[in-house]
Amino acid sequence: MMEKPKKTQEEEQSPPQIAAPDGGWGWVVVGSLFFSSALVFGLIRSLGVFFVEFVQYFGESAQAVSWITSIGLAMQQLLSPIAAAASNVFGTRPVVMLGGFLSGLGFILASQATSLLHLYLTMGLISGIGWALIFTPTVASVMQYFAVRRSLAMGLGFTGIGLSSFAFSPLFQYLVEAYAWRGALLVLGGLSFNMIACGAVIRPLGKPNVVLKTENSSKLNKCSSLLSRIYEGFELSLLSHRGFLTYSIALTFFNAGYFIPYVHLVAHSHHIGFTEYQAAAVISVTGVVDILGRVASGWFSDLGKMRMPHMLVVWTGLLGLSLMLIPAAVVYSGLIVVSLMYGFCAGAMTPLAFAVVPEIVGMERMLGALGLLQLIESVGGLLGAPLSGWLKDHTGTYTVSFIAAGSFLVLGTLVTMTLPYFWSCMGPPPPSPPKRKSQDGSIEGGLLTQTLSSNSAPDTLCPLNDIPYSDKE
Amino acid sequence: MPRPRRAQHCCRETALFSMANVRHLILLLLYCDGMNTETTPSPPSDPVFTTRKAVSKGQNQVITEELAILTPQNIELLCNLTDIPNNPPNITGYWAKDGQEIENSEETVNRINEQYVLKKTFSIQARDLGNYSCIFRENKAQVTFVLDVPVIKDKRDKPVVSYTRDSVVLECKLKYTPNTWNWYKANNTEKELINVTANPLNYKIFNNGNRTKLTILNLSEEHSGKYICSAVFDIKPSESYIELKVLSYTEPLKPFIAIVVEVIVLVTLILLWEKCSKPQHDSSSAGENDVCSEQTTKLTRDESNGVENNTARRRKLDD
């Protein structure tokens with residue numbers, strides 16, 4: 001089922017537009033995303049158990065210890081473009097496998113640390129590099145494998161984060177009690193090695209972009225070939241793409257507001273007088289609803305009733321609204337309701353935020369786009385939490401912080417509405433024959449894709465055409 | 001009469017410091033007053049007794065107050081009972097220590113302003129620490145004062161784990177500052193004092209007021225066991241224990257090796273499975289699935305292109 005259409009597409013158009021299998025092995029890749037996101041972000045979220053131990057063992061302050069996660073996360077986001085470029089050159093499979101190895105190695109070396117600096121370098125730097133090499137390519141692979149059910153696949157893949165947050169905290173606690181933090185880090189390094197297996201599972205759907213491009217065009221000069229490889233690898237041409245720039249600004253705003261409740265909700269609950277257990281219950285409830293939101297949003301978006309950017313705007317708008325309502329919830333039941341809304345919208349937004357990228361920039365540039373996006377949106381993440389903390393210090397309550405977070409999201413929503421082709425019922429048209437020098441079959445390939453996609457457009461009031469590049473079977 | 005005596009005793013040490021300053025003196029008196037209310041529940045802590053209304057109906061309720069005793073002293077304990085039905089002119093009450101009635105402690109208390117106040121002064125030495133209760137016979141109302149040295153509260157129920165040749169820090173802390181701290185290692189039923197001067201390479205003790213830290217360097221398996229931190233007060237030392245477990249590095253290595261083996265097996269299986277399913281596709285496709293054959297893919301692709309769809313190929317050639 002997978003092979004024939006893939007071949008037909010490939011031979012009729014030299015630009016590597018490979019039909020997404022939409023099933024079959026694709027679900028195995030979704031499983032790989034599930035485990036990878038669990039072992040990357042679920043792990044990061046549960047590292048708090050270790051911090052208590054580090055503070056006691058090294059005698060450093062909690063703030064100094066929290067830099068470990070900051071460095072790790074920063075590495076993961078900042079190095080995303082490099083991971084994307086490497087995948088463009090070498091293919092996703094070797095990159096992800098290397099990433100799995102590095103992330104495990106970082107933890108194994110960390111178990112031998114004798115100072116906090118060692119932890120920064122091992123758990124922060126090395127593992128952070130590993131995480132960068134894993135996350136973006138895996139996400140891109142899932143998106144390559146799915147066209148119709150892309151959002152659902154993404155949503156299912158990301159549920160790994162939510163479920164692992166539940167499972168890892170008690171597991172880490174047990175490991176620390178049984179083996180002390182050194183032994184626990186060693187075991188976690190081993191667990192991280194499982195991501196090598198996750199990478200092995202990602203069968204390439206075709207040759208990596210840069211390899212194909214350099215094959216297709218004739219290069220005279222070796223030096224310019226290297227430069228153009230770098231240029232293509234990083235997809236730097238995206239920086240002049242209006243849709244991409246708009247979306248990256250929107251994502252930066254989203255990122256600025258998105259994490260603030262995770263950081264401040266518990267403190268806020270304490271602040272207005274709820275007990276520890278009540279606050280913890282709020283967080284748990286939010287987590288569960290988050291998982292539901294991811295899957296539900298993915299499934300609903302794939303039904304095709306609304307265009308993906310429209311759905312994204314709906315969810316982010318609701319999210320911003322719920323954030324602004326949090327300070328207004330003074331009664332416990334009110335806080336639970338608003339947190340439910342927040343959790344659902346936050347989860348619903350995540351798969352769409354990724355799945356909409358191919359629609360904006362096209363499948364072939366998707367990998368590079370993801371890398372660059374992560375880099376640009378990290379600015380939002382870095383600014384958002386300290387800003388809200390500063391606001392809290394100056395005003396005394398979290399009200400202004402939550403309102404600021406909500407307004408960031410609303411701002412992002414407004415920016416999203418300025419995306420090209422946002423206000424049209426149809427999505428962006430299929431790509432014109434590519435600018436690269438390529439074989440003559442390309443024009444036919446472009447035309448063929450157009451006829452194929454228009455034939456398969458569903459007969460609704462607003463014909464959905466968000467994935468014009470692949471053909472539905 | 002007892003009042004000045006009590007004030008005198010509990011404030012004796014502190015009074016010496018601040019006689020010079022009148023302001024300090026007033027603060028001092030207030031402080032002493034505060035201390036008094038600490039040891040005796042007096043009318044301000046009536047809320048403790050308003051719940052007694054239920055008790056007077058015949059149920060036994062015990063209200064417990066914990067008092068930390070640092071030095072041998074004389075303490076006056078005061079019980080204040082209110083809201084008794086019938087309001088008799090006087091009632092009888094007695095004192096008990098650790099459940100045993102103290103002889104000749106029974107008193108008849110007269111009603112004053114709707115309250116019945118039963119009080120007694122005790123001289124507390126190390127052997128006198130325990131639970132002191134005032135019990136009113138008529139309605140069985142009871143207040144228990146627990147007199148004890150300050151308790152070291154944060155006990156870990158799980159042992160502290162560390163590794164050979166590593167170091168570990170054991171910590172104890174209290175609300176009050178003792179005269180000094182001592183550390184012991186428990187060998188079955190005996191306690192062995194840890195002497196830092198005799199063993200400066202292995203042990204370090206750092207005392208900081210109400211906390212103490214014992215650092216053990218160069219751990220070995222014999223260091224496993226129970227360690228007792230002892231806070232020495234005038235009246236009696238207060239002790240708590242921490243359990244230490246020293247592991248060798250092979251312990252966490254076992255699950256680690258198991259997981260690494262599992263990963264290697266998984267990866268091998270995955271890659272093998274892919275290679276095994278490749279021959280099926282080889283006849284019809286170029287085997288682009290396999291990353292290993294990327295070099296040969298170009299050649300084989302052209303081949304199989306021709307095999308699959310001759311028209312397309314001819315079209316290309318024609319152009």
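pLDDT is the predictor's confidence in each residue, from 0 to 100. We need that term here, since this is a predicted model.

Start with chain A. Its mean pLDDT is 79, and 82% of its residues reach 70 or more. Helix H6 of chain A, residues 92–110, has the highest mean pLDDT, 94. Helix H19 of chain A, residues 441–455, has the lowest, 39.

Over residues 1–16 of chain A, pLDDT stays under 50, and the model has 38 contacts beyond four places in sequence for them. Over residues 433–473 of chain A, pLDDT again stays under 50, and here the model has 58 such contacts, beyond four places in sequence.

Now chain B. Which order do the five strands of its open sheet have? The order is S9-S16-S15-S11-S12, and the pairing is mixed. Strand S9, 160–163, and strand S12, 190–193, of chain B each have a single partner strand, so one side of each lacks a neighbour in the sheet. On average, neighbouring strands of this sheet are turned by 35 degrees against each other, direction ignored.

Look at one pair inside the sheet. Strands S15 (residues 225–232) and S16 (residues 237–247) of chain B run antiparallel and are joined by eight bridges. Gly225(B) stands opposite Leu244(B) in S16(B).

Finally, the two chains meet at this sheet. Helix H8 of chain A, residues 150–200, packs on the sheet and touches S9 and S16 of chain B. The direction of helix H8 of chain A makes about 40 degrees with that of S9(B).

Methods. Residues are numbered from 1 along each chain as its sequence is written. Chains are lettered from A and ligands numbered from 1 in the order in which they are written. This is a predicted model: local features need pLDDT of at least 70, side-chain atom pairs count only at pLDDT 80 or more; totals for chains, interfaces and linings use all residues. Side-chain values use heavy atoms; hydrogens and water are left out. Helices (H or I, at least four residues) and strands (E, at least two) are DSSP runs, numbered from the N terminus. Contact means heavy atoms within 4.5 Å. Two strands pair if DSSP finds at least two bridges between them. Axes are lines fitted to C-alpha atoms, for helices over the stretch in contact, and angles run from 0 to 180 degrees between N-to-C directions.
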